[in-house]
Amino acid sequence: MGRSSGDDLADAADHRHRLAEIILAESRQAGLRRGSRLPTERQLAVNLGASRTSVRRALTVLETEGRISREVGRGTFLREEPWPAASGGDRAAADQAGGAEARNGGHPGQAGFAPADVMTIRRLLEPPAMRLVVAWATTTDFEEITRCLAGGERATSYDEFESWDLALHRSIMAASHSPLLTRLYAVIEEARHSRFWGDLKRHSASRERQRAYQADHVELVAALRTRDADRAVEAMRAHLARVARHLFDETA
């Protein structure tokens, strides 16, 4: 039986994430620390036996996750230590689980979440969470939110924009400073990595819709910055309603 386009897309996403982790592992082996400059894209491609395009996409993954920063004219720098936050047995268990997931070609739990279920829970969870963000977001939180918003503005491809979209929503939920809410949202983010979600989102994508999503994001961030809780709640609700309409051909 032939492979589907969904299989190819999932494999490409898995490859980007695996290569991103390899880049961090190589950085660790080289003794690089937070603030260290990484080799150039060209040198990484030679070192890893990968194409520059693959390296560039892997670096985009690391940038959207806040693990590196890319500065024009200066280079690419580590924003954190090149190893997981977990330690000891927790890190070993995570590595073992991650290896099993990579061998199975997916992310944890992704098979159990239908896109409609994911979207329903997002619409229940994210809008009211904006009140916590308005109450507790710090200057540092807004710097990260702004970084992700700017990344979405610069995005030149569907994959790049989708990566920054994920990063923006993650940074906003993290600004609630609620460990439980952040943990719950991590499950939603894993579901957004699923093949089913990815296929549906890609099939509904267009440049016009990308521009609309970015405009929604600008409005949402503006509301959060002005500490306007009602406006932020409504902005998130309107944004998710738009996404649902596009995904499932809902009527307004």
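Predicted model: local features only at pLDDT ≥ 70, side-chain atom pairs only at ≥ 80, totals over all residues.
## The cavity

The count comes to one cavity of 30 Å³ or more. The largest cavity holds about 30 Å³ of space. Its lining consists of Cys 148, Leu 149, Gly 152, Phe 161, Trp 164, Asp 165, Leu 168, Gln 214 and His 217. By type, that lining has five nonpolar residues, three polar and one charged.

Three helices each give at least two residues to the lining: H6 (139-154), H7 (158-174) and H10 (207-225). H7 supplies the largest share, with four residues.

## H6 against H7

Two of the cavity-lining helices, H6 and H7, also pack on each other. Their axes come within 8 Å and cross at roughly 165°. The angle is over 145 degrees, so H6 is roughly antiparallel to H7. The crossing of H6 past H7 is left-handed.

On the H6 side, the contact uses Glu 144, Ile 145, Arg 147, Cys 148, Leu 149, Gly 151, Gly 152 and Arg 154. H7 answers with Phe 161, Trp 164, Ala 167, Leu 168, Ser 171 and Ile 172. Eight of these contact residues are nonpolar, three are polar and three are charged. Several of them also line the cavity, among them Cys 148, Leu 149, Phe 161 and Trp 164.

## H7 against H8

H7 has a further partner in H8 (residues 179-192). The two helices pack at an angle of about 165°, and their axes are 10 Å apart. H7 and H8 are therefore roughly antiparallel. Their crossing is right-handed.

From H7, the contact draws on Glu 162, Asp 165, Leu 166, His 169, Arg 170, Met 173 and Ala 174. From H8 come Leu 181, Thr 182, Tyr 185, Glu 189 and Arg 192. The contact divides into five nonpolar, two polar and five charged residues. Asp 165 of H7 takes part in this contact and also lines the largest cavity.

## H5 against H11

The remaining pair joins H5 (residues 115-136) and H11 (residues 229-248). The axes come within 8 Å and cross at roughly 165°. H5 and H11 are therefore roughly antiparallel to each other. H5 passes H11 in a right-handed crossing.

H5 contributes Pro 115, Ala 116, Met 119, Arg 122, Arg 123, Glu 126, Pro 127, Met 130, Arg 131 and Val 134. H11 contributes Ala 229, Asp 230, Ala 232, Val 233, Met 236, Arg 237, Leu 240, Ala 241, Val 243, Ala 244, Leu 247 and Phe 248. The residues split into 16 nonpolar and six charged, with no polar residue.

## Summary

H7 links the cavity to two of the helix contacts. H7 gives four residues to the cavity lining, meets H6 in a left-handed crossing and meets H8 in a right-handed one. The H5 and H11 contact includes 16 nonpolar residues.

Notes. Residues numbered from 1 in each chain as written. Heavy atoms only, no water. 1 Å grid on protein atoms, 1.4 Å probe; cavity = no way out; pocket = protein on both sides within 12 Å on 5 of 7 lines; lining within 4 Å. Points joined across faces, edges and corners; volume = space filled by probe spheres on them. Nonpolar A, V, L, I, M, F, W, Y, C, P; charged D, E, K, R; others polar. Axes fitted to C-alpha atoms, helices over the stretch in contact; angles between N-to-C directions. Parallel < 35°, antiparallel > 145°, perpendicular 65-115°, else oblique. Left-handed = near helix turned anticlockwise from the far one by under 90°. Contact = heavy atoms within 4.5 Å.
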